[in-house]
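Let's take a walk through this model together. Have the sequence and the 3D view open side by side, and follow along.

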Amino acid sequence: MRIVGYGIDAVQINRIESLLRSSTSNWAAGIFSLAEREQADEPPLDARYYAGRFAGKEAVSKALGTGMAGEVTVYTIEILRLPSGAPTVHVTGGAREVADRLGVTQWFISVTYSGGLAIASVIAAGN
């Protein structure tokens, strides 16, 4: 196994809470897949969940070496929850194409929360 890429990102949970509670937008529906939204915690813990997932999406884009640009978008990266509760990465569309070109065969992701931040760290690995 070789490391193909690494990404890390931090998101302020209170910023996400403001976006979620806004009466003028449905922010979560515009950023997260139905599967991601179905796994979200109930308020008020949903802000923490979404902040962690958003940080995860950003960290994946950085591990791909593109950031959120071109064919790599929030819609092509999902951060889902395994039955154990651990986060997992699922890429589709342009993100999948970039991952395939780079030879990514495995993702390792960790999400943690501290001091009002959600922090995600991602390793893209290949053979």
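Pro44 sits in the loop that runs between helix 3 (34–38) and helix 4; helices here are DSSP runs of H or I with at least four residues, strands are runs of E with at least two, and both are numbered from the N terminus. Look at the link between Pro43 and Pro44: the peptide bond is cis, with omega at about 5°. In general, most peptide bonds are trans.

Before going on, a word about what you're looking at: this is a predicted model, where local features need pLDDT of at least 70, side-chain atom pairs count only at pLDDT 80 or more, and totals for chains, interfaces and linings use all residues. Residues are numbered from 1 along each chain as its sequence is written, and side-chain values use heavy atoms, with hydrogens and water left out.

Now step into helix 4 (residues 46–63), where you'll find Lys57. Is Lys57 buried or exposed? Lys57 is buried, because its relative accessible area is 1% (buried means under 20%, exposed over 50%, and partly exposed in between, using a 1.4 Å probe and protein chains only). Its side chain makes a polar contact of 3.2 Å with the side chain of Glu36. Such a contact is a pair of N or O atoms within 3.5 Å; within protein, one must be able to donate a hydrogen and the other to accept it, and residues adjacent in sequence count only if both atoms are side-chain atoms. Setting aside residues up to four places away in sequence, Lys57 also touches others, including Phe32, Met68 and Val74, where contact means heavy atoms within 4.5 Å. Ile8 is 49 residues from Lys57 in sequence, yet their C-alpha atoms are 9.7 Å apart.

Helix 4 has a partner to look at, too. Its axis and that of helix 1 (residues 13–21) come within 8 Å and cross at roughly 110°; axes are lines fitted to C-alpha atoms, for helices over the stretch in contact, with angles from 0 to 180 degrees between N-to-C directions. The two helices are therefore roughly perpendicular, a label for angles of 65 to 115 degrees. Helix 1 brings Ile13, Ile16, Glu17, Leu20 and Arg21 to the contact, and helix 4 brings Asp46, Ala47, Arg48, Tyr50 and Ala51.

Ser110 counts as partly exposed because its relative accessibility is 44%. Leaving out neighbours within four places in sequence, Ser110 is in contact with Ile119, Ala120 and Ser121.

Technical notes. Parallel < 35°, antiparallel > 145°, perpendicular 65-115°, else oblique.
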